[in-house]
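Work through the following exercises with the sequence and the model at hand. Each task is followed by a solution in steps.

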Amino acid sequence: MQIGMVGLGKMGGNMSRRLTRGGHEIVAFDLDATKVAELEAEGMKGATELGRFVEQLAKPRVAWLMVPAGEPTEGMVNKLAELFEPGDILIDGGNSNFKDDVRRAKVLAAKGIHYVDVGTSGGVWGLDRGYCLMIGAETEVFKHLEPVFQTLSPGTGAVVPTVGRPLDGKTAHLGYLHCGLNGAGHFVKMIHNGIEYGLMQAYGEGFDIMKNAESKDLAPEHRYNLELGEIAELWRRGSVVSSWLLDLSAISLAQDPDLSSFSGFVQDSGEGRWTIQAAIEESVPADVLTAALYVRFRSRQEHTFAEKMLSAMRKQFGGHVEQTSPK
């Protein structure tokens, strides 16, 4: 089927390529003419002007947005809503807040335009590996778009479906799932990213402990000079902590064993914060996920005021002198 792709960054461009390989017709839009020309050279239609983009879409039009969450997505949804007609479909595949999806769906429904939210996981590897898709939509709209989801998703691949789980009428084992009505897709993706924060933090702390296993603070007989890259490679096989994140960690350690090219400044994309907010609204304890989010905040500062307060109090009650540099 034909689908328009709005935003040709690392994910939007590769998703366009995967869809083209799967037999779909792509109309690619981006303000960057170079990115559009690149996909046109690969046989896709393209446009750098929104009106021209919409003109090339057959009715009912389908446009998939892969632009940054927040104002860029909000603005693009509003612009396309002015150009689209009843029966057309807008898909937000970025990382929007699920509450924004619910609001947008109501506004567009009043114009007869369908709105779909798709939590998309796969990053820069998705072109070959496929994308895990978490979908919020009306059932009939989901069914209409299912050929697109089937092409973008990984399929079963080498991952054997869970033993005892029925497959008839199910799609999760293929890598895509209709999670519910509008907002449900991005809600599930939000929790997915919150869990990701916690998993990444656990790996990070574990490897940090192993890296410091030869600290001079330890008794000589308790010191170990461990090869972290080899341990990561070991754990990828048969270990209960194996995962794709561990695979990526192993790649990083193979490329840069001391991770000297990284500063340790860790950004958060928003979903971690929203996950914690959802936990608060639901009165669900989320100790690990909250701590992982706060560590990301901490990583952006050399020292926090709270840490300065701790040092000041330690000096006052015990005369402890602050170290100028870590051991």
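**Exercise 1: the sheet**

Task: determine how strand β6 (residues 114–121) and strand β7 (residues 132–136) are joined.

Solution. Strands β6 and β7 run antiparallel and are joined by 5 bridges. Strands here are DSSP runs (E, at least two residues), helices are runs of H or I with at least four residues, and both are numbered from the N terminus. Two strands pair if DSSP finds at least two bridges between them. One of the bridges can be checked by residue: G119 has M134 in β7 as its bridge partner.

The open sheet has 8 strands in the order β3-β2-β1-β4-β5-β6-β7-β8, with mixed pairing. Its edge strands, β3 (45–47) and β8 (176–180), each pair on one side only.

This is a predicted model: local features need pLDDT of at least 70, side-chain atom pairs count only at pLDDT 80 or more, and totals for chains, interfaces and linings use all residues. Residues are numbered from 1 along each chain as its sequence is written, and side-chain values use heavy atoms, with hydrogens and water left out.

**Exercise 2: two helices**

Task: describe how helix α4 (residues 71–83) lies relative to helix α5 (residues 98–109).

Solution. The two axes come within 11 Å and cross at roughly 10°; axes are lines fitted to C-alpha atoms, for helices over the stretch in contact, and angles run from 0 to 180 degrees between N-to-C directions.

Then list the contact (heavy atoms within 4.5 Å). Helix α4 contributes T73, E74, V77 and A81, and α5 contributes R103, R104 and L108.

**Exercise 3: salt bridges of E74**

Task: which residue forms a salt bridge with R104, and how far apart are the closest N and O atoms?

Solution. The partner is E74, at 2.9 Å. A salt bridge is a side-chain nitrogen of Lys or Arg within 4 Å of a carboxyl oxygen of Asp or Glu. R104 lies in α5 and E74 in α4, so the pair ties together parts 30 residues apart in sequence.

Now look for a second partner. E74 also meets R103 in a salt bridge, again with 2.9 Å from N to O.

Finally, compare accessibility. Buried means under 20% relative accessible area, exposed over 50%, and partly exposed in between (1.4 Å probe, protein chains only). E74 is buried at 17%, R104 is buried at 3%, and R103 is partly exposed at 37%.
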